[in-house]
Number of protein chains: 2
Amino acid sequence: MSALLPSPVRIIGTGLIGGSLGIALSAAGVEVQVEDISPGTTALAIELGVGAMPTTDDPDPALVVVAAPPDVAAAIIDRSLRTWPDALVTDVSSVKETVLEGVRVLARPEDLPRYIGSHPMAGREISGVIAARGDLFMGRPLVVVPHPTTRAGAVSQLKGLATEIGAVPVVMDAAAHDTAVAHVSHVPQVMASLVAGSLLGPTEDALALSGQGLRDTTRIADSDPRLWVEILGANAAAVTEVLEGMRERLDEVVEALESLRGSPDPALGSRRALADLIADGNRGVRRIPGKHGGGTDSFVTLTVLVPDRPGELGRLLTEMGEIGVNLEDLHLEHNLGKRVGLAHISIDATREELLTRSLDERGWTVAER
Amino acid sequence: MSALLPSPVRIIGTGLIGGSLGIALSAAGVEVQVEDISPGTTALAIELGVGAMPTTDDPDPALVVVAAPPDVAAAIIDRSLRTWPDALVTDVSSVKETVLEGVRVLARPEDLPRYIGSHPMAGREISGVIAARGDLFMGRPLVVVPHPTTRAGAVSQLKGLATEIGAVPVVMDAAAHDTAVAHVSHVPQVMASLVAGSLLGPTEDALALSGQGLRDTTRIADSDPRLWVEILGANAAAVTEVLEGMRERLDEVVEALESLRGSPDPALGSRRALADLIADGNRGVRRIPGKHGGGTDSFVTLTVLVPDRPGELGRLLTEMGEIGVNLEDLHLEHNLGKRVGLAHISIDATREELLTRSLDERGWTVAER
């Protein structure tokens, strides 16, 4: 076990996150103490390998992880700071400012330096301790959220713990964190739910026309209402700011569409407003980091027609090298009986324009998107 | 070849849809004539197996498929009706009312019965003839759109053609079609683009927190602006109606959030408004038909804890049978070293509540969502 890992670690609240953390830390050799408000859940957690039942002989925890619901997190953080006067205390809530505010209100000022926020950005479609997995955090960001008086060494300790469980540590203050998750998680949830909710009106025949696009856009709409009322309520300020911007954009789109409705003279710029909506979406998608863990690289796939003659694919890859664009991934699509195939080439998004233009100049046929 | 299939079939416009149709029909033994405004595309299409170059000795087509962009479709439909006075003429445009209106304005009334709209709801992330595949329509809906004076037999002919290429025919009038695609395709596109566009503001650090939820919600935002300006402009009426409802809902959500922002006395019903947003989304998602082609069944996955003792999984399945719920699919998740596993059970969505309750009563542990 890494000498940098705190031990024992006490986990309060063994749901999906607390449970998975316990399994991962136990596997790393850490002594994990398990506490949950429900004795049944505690027993199940222990059976699933999250940790052990704390006894009076146990040493005090070096780190306490409060993995209880966000509305009770601040109170439990304060209780933990008081109960174990040497422990570092963290929480895993998905919204940081309200928890920090709550801790500031409840805790003794001298205890405050021992609190530091965390947010492991990991999950799965099911929750509860029975869904817990030691590999839940693999390659996922784990945000470490110090506040101005967080004691020295706390950030490194949590970064070390994050790395040990396979996560990618990211350090941010509470305000930056809450704005970030509003953008990448909370607002997308609202929008997916809005789209899914609009499917209650149409007939079954209409819904028979559904495709993968609709399924993907609404997948996250299948979420727990109680959990999301808490999250959205706790992050209301940041979420509202993003939604208000979105509402303005939606107004422009509706206005442009009204103008185009069978009008011989649509308002100047109506088509432009719609084109910008889609084009901005194109650019936004390219800012999302690729799934290839680590870094914020964004990849796109170009599709090139490759004549089915010996050496053609090799020539394509050689020319890519000459152009100076790295091949991240390649998938070949053969069309049965055809004399051509398609090479689906994955490259860094920032090189897309250069490669498309260069291949076109060299006579290759690149598929449109 | 089925005696019901029209032949020859002339395809005007060999992009992804026209090209794929040609490949599929050629494979079914139909004589396909290829026409495209670009000689280069025509040559490529012929090389890819879409069909043959029409000659003056060829018989007139029995069916003309206008697969050109929607803004020129009506004119090409009219030209085809006049050029081949016995042919049935259809198009593949994704919006039907504007095309029908255009045809009504241009065509001679006596020609109108030979026009019937189609819309194969199939696609892929790349377009153009080089992306064409004979299996593009497999299991996908193909909407057949007669108008009040469409001649007898035309609907059956197109349904037969749809079936031959592996598609699932659905008959709808133009208005119903346009409303349906507004709901399942056009509005989701707008919303995905709005969310993706909102990612232009945040920092790279913020975007580093992105997860699969964001990727799924914004996947379709990577679409062609020119194509979507045409589609949205052509379906402006139906799309506006859905977007206006969505805007109202968004207003309620923003209002509820403003009320919850650090207020000791949030407006009565604010939490309720948010919970309803998510809950309606849950219900909406369940209305989307399952991917298992055919029918409009919607499936959900329940996850049940299964002790790793011999016979336990068998007992679960037996009890499911006793409860009277069919097992559509099963995936087992083993947790290394644990004495339990998870059974991910796929069932008909309408049976979810019954099964969850019954399994719970019988002592099984069902994961929360």
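Mentor: Helices (H or I, at least four residues) and strands (E, at least two) are DSSP runs, numbered from the N terminus. The model is predicted, so local features need pLDDT of at least 70 and side-chain atom pairs count only at pLDDT 80 or more, while totals for chains, interfaces and linings use all residues. Residues are numbered from 1 along each chain as its sequence is written, chains are lettered from A and ligands numbered from 1 in the order in which they are written, and side-chain values use heavy atoms, with hydrogens and water left out.

The part to look at is helix H1 of chain B, which covers residues 16-27. Its end C-alpha atoms lie 16 Å apart, which agrees with the 16 Å that its 12 residues should span at 1.5 Å a residue (1.5 Å times one less than the number of residues). H1(B) is mostly covered, with 10 of its 12 residues buried (under 20% relative accessible area, 1.4 Å probe, protein chains only). The buried residues are Leu16(B), Ile17(B), Gly18(B), Gly19(B), Ser20(B), Leu21(B), Gly22(B), Ile23(B), Ala24(B) and Leu25(B). Just after H1(B), Gly29(B) has a positive phi of about 90 degrees.

The peptide bond from Ser7(B) to Pro8(B) is cis, with omega near 0 degrees. In chain A, the bond from Ser7(A) to Pro8(A) is also cis, again with omega near 0 degrees, and Pro8(A) sits in the segment before strand S1 (9-12) of chain A.

Elsewhere in chain B, the axes of helix H6 (residues 174-197) and helix H9 (residues 225-234) come within 11 Å and cross at roughly 125 degrees (lines fitted to C-alpha atoms over the stretch in contact, with angles from 0 to 180 degrees between N-to-C directions). H6(B) contributes Ser185(B), His186(B), Gln189(B) and Val190(B) to this contact, and H9(B) contributes Trp228(B), Ile231(B) and Leu232(B).

Of the 369 residues of chain A, 53% count as buried. Among contacts in chain A with a separation of 6 or more, 69% come from residues 24 or more positions apart.

Key:
Buried means under 20% relative accessible area, exposed over 50%, partly exposed in between (1.4 Å probe, protein chains only). Contact means heavy atoms within 4.5 Å.
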